[in-house]
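Colleague: I have a new model open on my screen and would like to walk through it with you. Could you help me find my way around?

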Amino acid sequence: MREAISATEEKMEKTVAALKDGFAALRTGRASAAIFDRIRVDCYGDKSPLNQVANVSVPEARLIVIQPFDKSLIGEIEKAIRSSELSLNPSNDGKVIRISIPPLNEERRKELVKQAKNQAEQSRVAIRNARRDGNDELKKMLKDSSITEDDEAKGGAELQKLTDGFIARVNQVLEEKEKEILEV
């Protein structure tokens, strides 16, 4: 029974971590190196993550500086950023790429909050699915006579408690991201 509960808890933990990663990629009005985590740069005939071909730093609240390890890749990095869904306009001086993060307008903020809520709802569904899988595992153990009906009931109650806790964490992460997006 313990194994089923801890496996379910692990799935729920991974779901919350995935949500936080997803939120890190959402662009807010503040500069963040994490928004470039999904960008792949064409270099030497292969697609590499931006952070493996350049140093990404945030010297100011609304400025990101990207310094390529190999200066010949500056054009490819710029192209990858322009073609991403981030809607950013990079400029380079031949050595580094500078990206000014413009403040978000009200419409874009509402759109980002909507995206964040959607991601959070997907996480809640994943957590509930993990609970269902855990309950199915407990039922299977009961059927195999490896646990008693009382153990199954206790396990189910424990899984419900875990689910409630993880859904509360998802809601808290969403609330923090909403605040960050809506702050001017």
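Predicted model: local features only at pLDDT ≥ 70, side-chain atom pairs only at ≥ 80, totals over all residues.

Colleague: Let's start with H4, then; how many residues does it have, and what distance does it reach from its first C-alpha to its last?

Modeller: Helix H4 runs over residues 106-143, which is 38 residues, and it reaches 55 Å from its first C-alpha to its last, close to the 56 Å expected at 1.5 Å a residue.

Colleague: Which residues of H4 are buried, and what do they pack against?

Modeller: The buried ones include Arg 109, Leu 112, Val 113, Ser 123, Arg 124, Ile 127, Gly 134 and Met 141. The buried residues of H4 pack against helix H1, residues 2-24, and against helix H5, residues 149-182.

Colleague: What does Ile 127 touch?

Modeller: Leaving aside residues up to four places away in sequence, Ile 127 touches Met 12, Thr 15 and Val 16, and also Thr 163, Phe 166, Ile 167 and Val 170. Ile 127 and Phe 23 are the residues with the most contacts inside the largest nonpolar core, which has 25 residues. The elements that give two or more residues to this core are H1, H4 and H5. Apart from it lies another core, of 22 residues, among them Ala 31, Val 56, Ile 99 and Ile 101.

Colleague: Changing topic, which loop holds Ser 145, and what is its phi?

Modeller: Ser 145 is found in the loop between H4 and H5, and its phi is near 65°, a positive value in a residue other than glycine. Most residues other than glycine have a negative phi.

Colleague: One last thing: how much space lies in the largest pocket, and which residues are closest to its centre?

Modeller: About 210 Å³ of space lies in the largest pocket. Of the 13 residues that line it, the closest to its centre are Ala 25, Leu 26, Arg 38, Glu 85 and Leu 86. By class, the lining has five nonpolar, four polar and four charged residues, and H4 provides the largest share of that lining, with three residues.

How values were computed: Residues numbered from 1 in each chain as written. Heavy atoms only, no water. Helix = DSSP H or I, 4+ residues; strand = E, 2+ residues; numbered from the N terminus. Expected span 1.5 Å × (residues − 1). Buried < 20%, exposed > 50% of the residue type's maximum accessible area, 1.4 Å probe, protein only. Contact = heavy atoms within 4.5 Å. 1 Å grid on protein atoms, 1.4 Å probe; cavity = no way out; pocket = protein on both sides within 12 Å on 5 of 7 lines; lining within 4 Å. Points joined across faces, edges and corners; volume = space filled by probe spheres on them. Nonpolar A, V, L, I, M, F, W, Y, C, P; charged D, E, K, R; others polar. Core = buried A, V, L, I, M, F, W, Y, C linked by side-chain atoms within 4.5 Å.
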